[in-house]
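Please read them alongside the coordinates.

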Amino acid sequence: MSSTDQKPASETAGEAPVVEKTAKQLENERKKAEKLAKFNAKKAKQAAASKTKSDEPKKPKKEKKVAEPVPEFVDQTKPGEKKILVSLEDAAFKAYNPKNVESSWYNWWDKEGLFQPELTEDGKILPKGAFTIPAPPPNVTGALHIGHALTIAIQDTLIRYYRMKGKTTLFLPGFDHAGIATQSVVEKQIWAKEKKTRHDYGREKFIEKVWEWKEEYHARIKDQVKKLGASYDWTREAFTLNPDLSSSVVEAFVKLHEDGTIYRASRLVNWSVKLNTAISNLEVDNKNIPGKTLLSVPGYENKIEFGVLTSFSYQVDGSNEKLTVATTRPETIFGDTGVAVHPKDPRYTHLHGKFVKHPFLDRLLPIVTDSEAVDMEFGTGAVKITPAHDMNDYNTGKRQNLEFINIFTDDGYLNENCGPEYQGLKRFDARAKVIEDLKKKDLFVEQKDNEMTIPLCSRSGDVIEPLLKPQWWVNQKEMAKDAIAAVKSGEITITPKTSESEYFHWLENIQDWCISRQLWWGHRCPVYFVVVEGEEGDRLNNDYWVSGRTYEEALEKATLKFPSVKFTLEQDEDVLDTWFSSGLWPISTLGWPNKTKDMELFSPMSMLETGWDILFFWVTRMILLSLKLTGKVPFKEVFCHSLVRDAQGRKMSKSLGNVIDPLDVIAGIPLQGLHDKLKTGNLDQRELQKATEGQKLSYPNGIPECGTDALRFALCAYSTGGRDINLDILRVEGYRKFCNKIYQATKFVLGRLGEDYKPPSTSAKSGNESLVEKWILHKLTQASKSTNTALENRDFGEATNHIYNFWYELCDVYIENSKALIQDGTPEQKKSAQDTLYTCIDSALRLIHPFMPFVTEEMWQRLPRREGDKTISIVKAPYPEFISDFDDAKSSEAYELVLDITKAARSLLSQYNIIKNGQVYVETANESIHKIASEQQDSIVSLIKGVEKIAVVSKVEDVPSGCALNAVGADCTVHVLVKGQIDLDAEIAKVAKKLDAAKEFDKKTKESIEKFTEKTNPEAKDAAFKRLEKVTAEIEGYEQTIAILEKLKL
């Protein structure tokens, strides 16, 4: 081994070896020592400073500046007079406040007659035509819910739109007497306060009481409607029980009774024990239960068991044999008048024509054969028949000529037909006793779970009892044919198509309509029974009933029918189904049956707009009755809007605590306020707790004040044609911020225009417009065109989208860009920029007015007018339309390039966190792009914060080293100088990640292009090649950026 490899002697002796350090190691140690010394010096300095600081007396904490409370705005305007416009510098108007903005306008609009139909001087429809809507009448007793708000938002948007389009418009308002709902509420009220029933009052006095109550609640709901901005013609306000509408109802009934369309018959009805009246099939909610279920039933302290099939046996008369049947309603055993078996069932052939014994009554029930009523394979093959209390059994009873025995009183108690031991029992209490007594007689067989449907009264929650009642019925089958033909011919259109399909399905399977209601509040049936002296008249015999518009007319008819006979007339006690008067709404409100001017001008109406859920309740009945009574359709178009659900998609329900009062959205309400409202309802303690928890979940911070405009715009924005709207209050709050943007933008424009500004006499271009002006005018005319198209197509979501986008383009681009033109431009540039600003803000306010009536009127009234413009309100201002002179695709495309450059620069500046002294370079070899970018340098700078100027260069060599870049397209790249301002390694890693993603996208795009064939859509090919071109540019850009960043490290 060489001398250099020999180990020193000391190592062999066990001592630590001495290793000589290289020059590089020594240099590194020196540097470390220097760093350590600097660090220790810094620490020592900090410690000394800290000690000095701790020795000093502590300065008091700087108090946070508390914002001065905004004084409450007191509107000095007298009701009905034009609003006194307060300065926008007033403390109450510096920021957008919906309450302040929305005050006074509605009363002025109404008093000024702006909502009344505008006619020509000779009283005819304006040349541009008419647009009319009969507003669906809300129940006079109720409070508005969010569904009403949606209805008003959509309808009023259309009315205001067509009014601005120069059409004669009529938005006809009114309220429904709501028979069952109103009488039920008043009966509850007088019982709670006075412990009296309607019978204690008597019919006349009770109706007086309801009228008093109606007046109070009518005023309340009318005020709510006004707060939503509905531009109703209040001079034509209707109420279904007013004399004029009542005469329409009487006329309709008499006409239909005279031609036999209305007839009397004893049939099964849906009887609500709680409300003590019949209700229609459409007012029944069918609740499906999987098996044994306990349900709350009005009038019972304990829950009642449903979903159980009880089997019991009948003893065959004259035999030891038993016949077993099954039922889910054991209490109806007293109404059984037969047992049916299948004629071909060999098990029961020997029993044909025999009888079974009723276990509790002295009655024999025939065993009948019926192939329609019995399925041999189901159960025992024997079926008990209760004709007076079951729809299927009713039909069987008619076929078999069985006896019809009613076993219930109207109040839901067992009657005298059930025997003294059971008479007077409540129907569901009797159920338990019947089962117990069957067991005692050894006739009980078994009980088992049974999936079933429980019919519930939608008004009261009561379990519906099928009850045999003499009632007035409307034969709808022939009328339905005409109603189907009206839609198939296109005379009426129904949107959406799903609703049209449902309309046909319902009419093709239509049943006769029971119009009798056992109430006092409503239109009493204008029909009289002829009581012939000495005769026991059959009240089911239609020959003994006469109808009349007056008592005298009925008497005259009866005298002709029963000459030389002594008789008296008794008017039917029942009232008509509320939907009968509602079905006449579009003609009765115009004055039918009289030949009024309104009938001449406005019938048929243009549109009926409502929720799809009452298509059958209401819409079809209006079509049926109008065609029958006038020979004309009631309206030309039916538009069915979505149903409003909560943000989670649940149905609005008081018990869930998610019901929204639109006034709470308008004015705002704290969570506790929502809780307090629940306590005024009829929820029991368990439901109240559940609803309270539901409110905490849905509205943890209460509901913020959003204002009418934001609510209306949100509801229309949600209307995209689906069946349901999942309403999120936060989205409505977002539109309040949009209202603020509109408010502040208009306020800013007014400041830029100045008090002395006078707009040109027309909106025509002057020829001095800059590129950005041409761009915004192009955007305006396109937005106008698209919005008009969307509204004509009833696409409210799309219409709001076009308007929303234009406002943002106006505010975020043009207004920002115009600052420099107005402040630093030549007099010509300044004037042109101001004129364009005026044209755009004026048009934008008019464009959104149908959706947001209040904020637009407030701000539009502050704008100066063009010469000769005497329009007193934005309500009557013309709606913006497409102006071909503004349509400038070339200028728009050029300015879109400016915006793309701006976005690219902003993106880079943000990416590298450069907030001041930014240096931007636009690099392009394309002459056209170079020209546009060079000419628009000021425009680009005005839209980028932190940049004072930009440079436009023709080749990459002119861009200084140390720049990051962003490809705007194949021919243009934006560079931002980043040298010295960023962490290079971190930035390289970021760009490398983007490069990998771009390469992956490039690979997939190329793979998809390789699969193209001759049959591939040319548009799809073109789009793919454009994507490839763009991603190729991006890859090159990223690779260049990485190379640049690597260079900066050197």
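1. In which loop is N276 found? N276 sits in the loop between β5 and β6. Helices (H or I, at least four residues) and strands (E, at least two) are DSSP runs, numbered from the N terminus. The phi of N276 is near 60°, a positive value in a residue other than glycine. N276 counts as buried because its relative accessibility is 17%; buried means under 20% relative accessible area, exposed over 50%, and partly exposed in between (1.4 Å probe, protein chains only).

2. On provenance: this is a predicted model, in which local features need pLDDT of at least 70 and side-chain atom pairs count only at pLDDT 80 or more, while totals for chains, interfaces and linings use all residues. Residues are numbered from 1 along each chain as its sequence is written, and side-chain values use heavy atoms, with hydrogens and water left out.

3. Strand β5 (residues 262-272) runs antiparallel to β6 and is joined to β6 by 3 bridges. W271 stands opposite A278 in β6.

4. R794 lies in the loop between α24 (771-792) and α25, and is buried because its relative accessible area is 11%.

5. The bond from W592 to P593 is cis, with omega near 15°, and P593 is in the loop between α16 (585-588) and α17 (597-602). The bond from S603 to P604 is cis as well, with omega near 0°; P604 lies in the loop between α17 and β26 (605-611).

6. How many residues are in the largest nonpolar core, and which of them touch the most other members? The core has 168 residues, and L727, W807 and L810 touch the most other members. A nonpolar core is a set of buried Ala, Val, Leu, Ile, Met, Phe, Trp, Tyr and Cys residues joined through side-chain atoms within 4.5 Å. Helix α25 (residues 796-824) gives the most to this core, with 12 residues. Another core, of 67 residues, lies apart from it and has A483, I515, L608 and L615 among them.

7. Contacts of L810, leaving aside neighbours within four places in sequence, are I776, I815, C840, I841 and A844. Contact means heavy atoms within 4.5 Å.

8. Is R160 buried or exposed? R160 counts as buried because its relative accessibility is 0%. The residue is in helix α5 (residues 146-164). Beyond its neighbours within four places in sequence, R160 is in contact with W109, F115, G229, S231, R712, H849, P850, P853 and V875.

9. W191, in helix α6 (residues 179-194), counts as partly exposed because its relative accessibility is 44%. Outside four places in sequence, W191 is in contact with K196 and T197. N107, in helix α4 (residues 105-111), is partly exposed because its relative accessible area is 37%. The C-alpha atoms of N107 and P136 are separated by 22 Å, at 29 residues apart along the chain.

10. P136 is also one of the residues that line the largest cavity, together with A135, P138, P173, G174, F175, Y232 and W234. On a 1 Å grid over the protein atoms alone, a cavity is a set of points where a 1.4 Å probe fits but cannot get out, and lining residues have an atom within 4 Å of a point. The lining divides into 7 nonpolar, 1 polar and no charged residues; Ala, Val, Leu, Ile, Met, Phe, Trp, Tyr, Cys and Pro count as nonpolar, Asp, Glu, Lys and Arg as charged, and the others, Gly among them, as polar.

Definitions and conventions: Two strands pair if DSSP finds at least two bridges between them. On a 1 Å grid over the protein atoms alone, a cavity is a set of points where a 1.4 Å probe fits but cannot get out, and a pocket is an open set with protein on both sides within 12 Å along at least five of seven lines; lining residues have an atom within 4 Å of a point.
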